[in-house]
Amino acid sequence: MRLKDILAHKGGATITVPAKASVAEAIRTMAEKRVGAVLITDAGDCPVGIFTERDVLRLYAGGDRDFEHITVESRMTCSVVVGNPETSVDEALALMTERRFRHLPVLHDGELLGIVSIGDLVKARLEETTAEAQSLRQYILS
């Protein structure tokens, strides 16, 4: 299974926030949309970073709590690791585990197709494993 299959199943809708938005706006957007990360876009709607629940936690723990006056652009992760539609679920899981992040934007020729979470990948892998086990049981019983 590939990332394009995950996006085809879940949809490619990606939640974005402008770079100049406040951290509070990003938090409200994540809560409203029930997501753990938002992509940060520049004035031309090009992704320039990512802001996640972990970023919020680090801000709070570090004492930065004036979320209305801190811009996401000043606290986002700029060096975003991305996948492509042909990346396998196993490759993506290995990359996310090794690099310790939970959200992977998927791009094709510079175009954002969507974002997958580690939860999406684990779910897909479990479904694939369950289907394989069921097929093997069918084969053995027939």
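A: A pocket is, on a 1 Å grid over the protein atoms alone, an open set of points where a 1.4 Å probe fits, with protein on both sides within 12 Å along at least five of seven lines, and lining residues have an atom within 4 Å of a point. The largest pocket here has a volume of about 320 Å³, a volume being the space filled by probe spheres set on grid points that are joined across faces, edges and corners. This is a predicted model, in which local features need pLDDT of at least 70 and side-chain atom pairs count only at pLDDT 80 or more, while totals for chains, interfaces and linings use all residues. Residues are numbered from 1 along each chain as its sequence is written, and side-chain values use heavy atoms, with hydrogens and water left out.

Q: What makes up the lining of the largest pocket?
A: The lining has 14 residues, of which Ile-50, Thr-77, Arg-100, Phe-101 and Arg-102 are the closest to the centre. Strand S3 (47-52) and helix H3 (53-61) are the elements that give two or more residues, and H3 supplies the largest share, 3 residues. Helices (H or I, at least four residues) and strands (E, at least two) are DSSP runs, numbered from the N terminus. By class the lining has 4 nonpolar, 4 polar and 6 charged residues, where Ala, Val, Leu, Ile, Met, Phe, Trp, Tyr, Cys and Pro count as nonpolar, Asp, Glu, Lys and Arg as charged, and the others, Gly among them, as polar.

Q: Why are H1 and H5 called roughly perpendicular to each other?
A: Helix H1 (residues 3-10) and helix H5 (residues 118-141) pack at an angle of about 100°, with their axes 11 Å apart; axes are lines fitted to C-alpha atoms, for helices over the stretch in contact, and angles run from 0 to 180 degrees between N-to-C directions. Angles of 65 to 115 degrees count as roughly perpendicular (under 35 roughly parallel, over 145 roughly antiparallel, the rest oblique), and H1 and H5 are therefore roughly perpendicular. The contact, meaning heavy atoms within 4.5 Å, is made by Leu-3, Ile-6 and Lys-10 of H1 and Asp-120, Leu-121 and Ala-124 of H5.

Q: How do you know that Arg-102 and Glu-53 meet in a salt bridge?
A: A salt bridge is a side-chain nitrogen of Lys or Arg within 4 Å of a carboxyl oxygen of Asp or Glu, and the N to O distance for Arg-102 and Glu-53 is 3.5 Å, so the pair meets the criterion. Arg-102 lies in the loop between helix H4 (89-99) and strand S4 (103-108), and Glu-53 in helix H3, so the pair ties together parts that are 49 residues apart in sequence. The whole structure has 11 salt bridges.
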